[in-house]
Amino acid sequence: MQSYGANTRGIVLKVLSIVVSAYNEAAGIEKFYEVTGRYARALREKNYEYEFVFVDDGSQDGTSEILDRLAEGDSEHVRVIHFSRNFGHESAMIAGLDYATGDGLVFMDADLQHPPENLEKIADCFEEGYQVISMVRTANKTAGTVKKITSAGFYWFINKLSEVHLEPNASDFFAITKDVQTVLKNSYREKVRFLRGYVQNVGFKKTTIEYEAAPRIAGKSHYSIKKLYKFAMNTIMCFSNVPLKLGIWAGLFSGFLGLIVLIYTLITRKGAPSGYATIVVLLCFMFMILFFVVGIIGEYIAVIFDEMKDRPLYIVADKKNLH
């Protein structure tokens, strides 16, 4: 890893950038800074310095003012990026990726569900030469049964569709070195994106660290059913074109079904199958397949449309302690 500077003893230091996306986290952001900062300072024994890169994703609850106050009180370690509006969690992480200056980057949520005590393990992995560190969640006591089942089902489904294997239960808690940061900054700039998936897809020397999600210190999850659906669809669009091929299989199945109806008609010699219900069910089924395939094509066209517009991933309204 690259050197950063020297402390009073003349020992070369390295910097760990802690990238934090914050959206309406006023109730807990100071607690996060206090607790995580304590663990970050402990890394000085391993000759590490640290910086916080807080990305304020258009917060409306006073988070912006709190972050500005933290930046003013600790200008050496706290950098703040304010978006002009809410662009979403993925865009906030991309901004942190763009502005972080450390030799190693750690991406965390601001609710302390990602335990900061793992920073020491992450630093040890960096020292062992690992460049990508996936944090794998083994338990989440605050998540309901439905969320656990749907999460497991999502990873199973995307791994079946995609040639890229995504680590089940990997979260937006991960760490990368500066070399990986450069690759992601320069080569993974899609408008529709799945950053944690890209991190697992870039290669390099990789390892995993298991952790148990801690209780949320304040607030609630910002992922609604609508956002989770959009998140799942974006992931599928990013890593698989298999859904586009469903039209072929649907066509073959429909043709096979038509062949069965034809054979039935010839054998019974009664012309078309009798019964209003049979005809209605068959037509509804065929149109269901048709519109389903058209919908899938529409999703991919929407992705292409977003890429063609080439609008910015985020807009920075203000920065603190960044040049």
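The legends below refer to a predicted model.

**View 1. Overview of the protein chain.** The protein chain has ten helices and nine strands. Of its 323 residues, 45% are buried. The chain exposes about 17,300 Å², and carbon and sulfur atoms supply 59% of that area. Among contacts with a separation of 6 or more, 81% are accounted for by residues 24 or more positions apart.

**View 2. The salt bridge between Lys320 and Asp318.** The closest N and O atoms of Lys320 and Asp318 are 3.4 Å apart. Lys320 has a relative accessible area of 29%, so this residue counts as partly exposed. Asp318, at 33% relative accessibility, is partly exposed as well.

**View 3. The salt bridge between Glu51 and Arg79.** Glu51 and Arg79 form a salt bridge in which the closest N and O atoms are 3.0 Å apart. Glu51 belongs to strand S3 (residues 48-56) and Arg79 to strand S4 (residues 78-83), so the pair ties together parts that are 28 residues apart in sequence. Glu51 and Arg79 are both buried.

**View 4. The salt bridge between Glu49 and Arg44.** Here the closest N and O atoms, from Glu49 and Arg44, are 3.1 Å apart. Glu49 counts as buried because its relative accessibility is 14%. Arg44 is partly exposed, with a relative accessible area of 33%.

**View 5. A salt-bridge network of Lys46, Glu120 and Asp124.** Salt bridges link Lys46, Glu120 and Asp124 in a network. For the model, the count of salt bridges comes to eight, each with a side-chain nitrogen of Lys or Arg within 4 Å of a carboxyl oxygen of Asp or Glu.

**View 6. Packing of helix H1 against helix H2.** Helix H1 spans residues 29-42 and helix H2 spans residues 63-73; the two pack at an angle of about 30 degrees, with axes 10 Å apart. At this angle H1 is roughly parallel to H2, because angles under 35 degrees count as roughly parallel. On the H1 side, the contact is made by Ile29, Glu30 and Tyr33. On the H2 side, Ile66, Leu67, Arg69 and Leu70 take part in the contact.

**View 7. A nonpolar surface patch that includes Val294.** Leu283, Phe287, Leu290, Phe291 and Val294 make a nonpolar surface patch of about 500 Å². Val294 is found in helix H10, which covers residues 276-309. With a relative accessibility of 45%, Val294 counts as partly exposed.

**View 8. Gln200 in helix H7, shown with Phe174.** Gln200 is part of helix H7 (residues 195-201). Its relative accessibility is 11%, so Gln200 counts as buried. Phe174 and Gln200 are 26 residues apart in sequence, and their C-alpha atoms are 9.8 Å apart in space.

Methods. Residues are numbered from 1 along each chain as its sequence is written. This is a predicted model: local features need pLDDT of at least 70, side-chain atom pairs count only at pLDDT 80 or more; totals for chains, interfaces and linings use all residues. Side-chain values use heavy atoms; hydrogens and water are left out. Patches are made of residues with over 30% relative accessible area and no salt bridge: like charges are joined within 9 Å, nonpolar side chains (Val, Leu, Ile, Met, Phe, Trp, Tyr) within 5 Å. Accessible areas come from the Shrake-Rupley method with a 1.4 Å probe; for residues, only the protein chains shown count as cover. Helices (H or I, at least four residues) and strands (E, at least two) are DSSP runs, numbered from the N terminus. Buried means under 20% relative accessible area, exposed over 50%, partly exposed in between (1.4 Å probe, protein chains only). Axes are lines fitted to C-alpha atoms, for helices over the stretch in contact, and angles run from 0 to 180 degrees between N-to-C directions. Angles under 35 degrees count as roughly parallel, over 145 as roughly antiparallel, 65 to 115 as roughly perpendicular and the rest as oblique. Contact means heavy atoms within 4.5 Å.
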